[in-house]
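The sequence and structure are shown first.

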Amino acid sequence: MPIIWESKLDTGIDVIDHQHRRIVDYINDLEIAKAMGDKKKVTDVIEQLIDYTQSHFGFEESMMEEAGYKFLKPHKKVHELFIKRVTDFTMRAAKGEDIADELHSMLAKWLINHIASEDRDYSDTVKSMVGAEAAHHEVATQRNAARPGFISGLLGRFFR
Ligand SMILES: [Fe+2]
């Protein structure tokens, strides 16, 4: 079953919601590739998903840090543990094991739960820093933001 975006997944920070939606798209693409039995596509999607998620985590961590979010450390730890889990999967895959089903269900459960709980938790802190308006229209309202250009600067650092 593909994951359908629900409002409980919204953080209210457009740039983050956009990245989270993209992660969900990757998880759904993985399901399609599995259903088609397209091994090459499965491997490609897994690679892209991991790469994108890592960039996203880096972005999120810097954003939380700049905002002075008080649970940055435990949040980073949670990201780290996730990456470790994913690395275990890729190591098993490298040994020839078919991990696609197990990885897909882990990703779907873990990421959705993380977005709906831990990620939602930083949203107020971050929004108050960039300015509630700026979280939605950063470019247009940069003048009003506490930290002008903060989001676009971060984007350039983590995404090519
Ligand atoms: Fe996170």
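## Aromatic cluster

In this predicted model, ring pairs join Y26, Y52, F59, F158 and F159 into a cluster.

## Aromatic pairs

The count of aromatic pairs comes to 9. One of them is formed by F57 and F82, whose rings are edge-to-face, with 5.7 Å centre to centre and 70 degrees between the planes. This pair links distant parts of the chain, since F57 is in helix α2 (residues 39–67) and F82 is in helix α3, 25 residues apart. F57 is buried, at a relative accessible area of 4%, and F82 is buried as well, at 2%.

Y69 and Y122 make another pair, with ring centres 6.2 Å apart; their planes stand at 80 degrees, so the arrangement is edge-to-face. Because Y69 lies in the loop between α2 and α3 while Y122 lies in helix α4, the pair ties together parts 53 residues apart in sequence. Y69 counts as buried at 8% relative accessibility, and Y122 is buried with a relative accessible area of 0%.

## Iron site

The iron ion has as its protein donors E60 (OE), H75 (NE2), H79 (NE2), H114 (NE2) and D119 (OD), which lie 2.1 to 2.3 Å from the ion. Along the chain, the donors follow the spacing E-x14-H-x3-H-x34-H-x4-D.

Terms used
Residues are numbered from 1 along each chain as its sequence is written. This is a predicted model: local features need pLDDT of at least 70, side-chain atom pairs count only at pLDDT 80 or more; totals for chains, interfaces and linings use all residues. Side-chain values use heavy atoms; hydrogens and water are left out. Donors are N, O and S atoms within 2.8 Å of the metal (3.2 Å for Na, K and Ca); water is not among the atoms, so sites may look incomplete. Rings of Phe, Tyr and Trp (its six-membered ring) pair if their centres lie within 6.5 Å; planes under 30 degrees apart count as stacked, over 60 as edge-to-face and the rest as tilted. Helices (H or I, at least four residues) and strands (E, at least two) are DSSP runs, numbered from the N terminus. Buried means under 20% relative accessible area, exposed over 50%, partly exposed in between (1.4 Å probe, protein chains only).
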